[in-house]
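Subject: Structure for you to look at

Hi,

Here is the structure I promised to pass on. Please open it beside this email and follow along.

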Amino acid sequence: MLSRRLRLLLGLLALVVALIQLAHQLERQQTLEETRSWWQESGIAARNPEGWQAARRAKDPMRARVDLARALLADGLDLDRLAALPPDEALGEARRLQSRLETARLLAEGVLARNPTSWEAATILGGVALLERLAQGGDPTRDTEAWETPLLQARTLAPHQIEPRRLEAVALLTRWHALSDAERETATTLFEQVLQDPISLRLVLPGWMALTDRETLFRSLPDTTLAWSTVADELGRQGRWTAYCDARSELDLRLRSELEELLTEARARRAGGDAVKARRQMLQVLQRSRPSREHLDLFETALLALPPGPVGPTSVPALENWAEWGLGLSLYDHPTLTPAAYRRLAGYGRHLPPVLAAWAALEAGDLAQAETIERRTDESWSEAWAPYMVAKARHLAERGEGPRAADTLDEVHRLFRSSEAFLRVAEQLGVPIDDAVDRAPANGPWPRSNWSWRGHLMFLHPKFEPTDSSPVARLRVDFDQVSPPGTPIEIQWDGRSLGCWSVEPDSELELSVDPAPGVHRLTLEPLRGATVQPGRVRLAAVPETESTAP
């Protein structure tokens, strides 16, 4: 048996161990509480709620300090927020920023002292040193060891982490003018790597765009819609419209590819029984696809394969835009959505404007449902319902109900009676056409007064009767007013995109289009909040010798 003295010594030893553990626990708890207080006192908790919630749940005090220091550094790198403040507020925020950077530096030094292998703490130290030098207005090309040394340490400790390289890229932006050609070539490789990361893309891209030419910029971007949409937005903010249109064209190519992959994965998930995730992915295809022939197959496939369930508010605008796009084309007999797709759209009728819901039901072959919606609104006499009424008259005529079709046509709003859609149905039914109707001539030219508007979109429906079998027609559009000058517009011909174009006031844009006979649909969409007033439009077949010339 143990002696009484030995038992007493063992008891005292256990008590000491327990007290040490308690002291460590109290120290950990105190450190955590202190860190949480810094979150609130610095104001970072309000601007970074996700980080603040994680800090409240943190159990490891060193992890919590690293996370706070990282958040303080990220806040300092958010120059857009600082630039958006009024001058007086910006000055005060700049002073508070210096205090927060000092806190981040102290936190990182403390973590690095206890854990010399912490690449995160080394990265934070390098970032803080760089921002402090820039905030003080110092020459970033001198005494670079202050941030280069800790960043090199971080890259050595964690060669595959992006954060040290991200800050290196920021540092290179500040001293680009002092780099040699060889150093710039090496730096360009670094930028190509850094821009693969979404956070780095937002942080580094504006400065990189200001330093490099278009060719190098586009070559350095990753092959993602996020990268190309980000660069297009930034080019738009800078008013570099030609480059903006080029970026949008590149974005369109990648968007099509991403949506194809997303749809393929969604269909595989549904086949495997995972209807919830499949539905979520198909809704993404509906939301992200652009109403155009280029995306028509993707939208229709996703719509018809979409598992049952309600659609949220984020999907409603896409359904409405696609319905309006397809129905507008159907009025002039251009290929559009199938009756099955219109039937599915009509099923979401409560989310659509009544006129689009009724029209979709009509194109789906459900005249009874279309007329039910029509009677419920009692607005068939209005201008907004005029295209639907013309489509309904045509459907009735095709069913052999000539008298009802003529009566329906008689209800069409007077402002729509000069449209080619109305006149074609009237001629089919033998309905007299008012002599006062000013019918646009075939082959034009079509004056500015022939344009129509719906929201920010502009439409013209030129009737073309080619005199030869030329494979190409030349479309010329005048632009009377454009604000700001050089603003970009998106153009569609019969629902097919002709691309993004930068246009000037009092200018002419010439495009090659399909010269098929009949009534076409020309659509202009001003981009970036621009104001555009299109003018006269001409359309002429290109001589075969000219169209085949090299």
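**Helix packing and a disulfide**

Start with helix α17 (residues 316–330) and helix α19 (residues 354–363), which pack with their axes 10 Å apart, at an angle of about 55 degrees. Keep in mind that this is a predicted model. Two packed helices are described by the angle between their axes and the distance between the axes. The crossing of α17 past α19 is left-handed.

Which residues make the contact? From α17 come Glu320, Ala323, Glu324, Leu327, Gly328 and Ser330. From α19 come Leu356, Trp359, Ala360 and Glu363. Sorted by type, the residues of this contact of α17 with α19 are five nonpolar, two polar and three charged.

Stay with α19 and turn to helix α18 (residues 339–347). The axes of α18 and α19 come within 8 Å and cross at roughly 145 degrees. This crossing of α18 and α19 is left-handed. On the α18 side, Pro339, Tyr342, Leu345 and Ala346 make the contact. On the α19 side, Ala357, Ala360, Ala361 and Glu363 do. The contact of α18 with α19 holds seven nonpolar residues, no polar ones and one charged. Note that Ala360 and Glu363 of α19 are listed in the contact with α17 and also in the contact with α18.

Next comes helix α21 (residues 386–398) with helix α22 (residues 402–410). Their axes cross at roughly 170 degrees and come within 8 Å. Angles over 145 degrees count as roughly antiparallel, so that is how α21 and α22 lie to each other. α21 brings Met389, Val390, Lys392, Ala393, Leu396 and Ala397 to the contact. α22 brings Arg404, Ala405, Thr408 and Leu409. The contact of α21 with α22 divides into seven nonpolar residues, one polar and two charged.

Now the cysteines. A disulfide is a covalent bond between the sulfur atoms of two cysteines. How many disulfides does the count come to? One. The bond joins Cys245 to Cys500, with 2.1 Å from S to S. The link of Cys245 and Cys500 is left-handed, with -50 degrees about the S-S bond. The pair links distant parts of the chain, 255 residues apart. Cys245 sits in helix α14 (residues 241–271), and Cys500 sits in strand β6 (residues 496–502). Are these two cysteines buried or exposed? Both Cys245 and Cys500 are buried.

Best wishes

Conventions. Residues numbered from 1 in each chain as written. Predicted model: local features only at pLDDT ≥ 70, side-chain atom pairs only at ≥ 80, totals over all residues. Heavy atoms only, no water. Axes fitted to C-alpha atoms, helices over the stretch in contact; angles between N-to-C directions. Helix = DSSP H or I, 4+ residues; strand = E, 2+ residues; numbered from the N terminus. Left-handed = near helix turned anticlockwise from the far one by under 90°. Contact = heavy atoms within 4.5 Å. Nonpolar A, V, L, I, M, F, W, Y, C, P; charged D, E, K, R; others polar. Parallel < 35°, antiparallel > 145°, perpendicular 65-115°, else oblique. Disulfide = S-S within 2.5 Å. Buried < 20%, exposed > 50% of the residue type's maximum accessible area, 1.4 Å probe, protein only.
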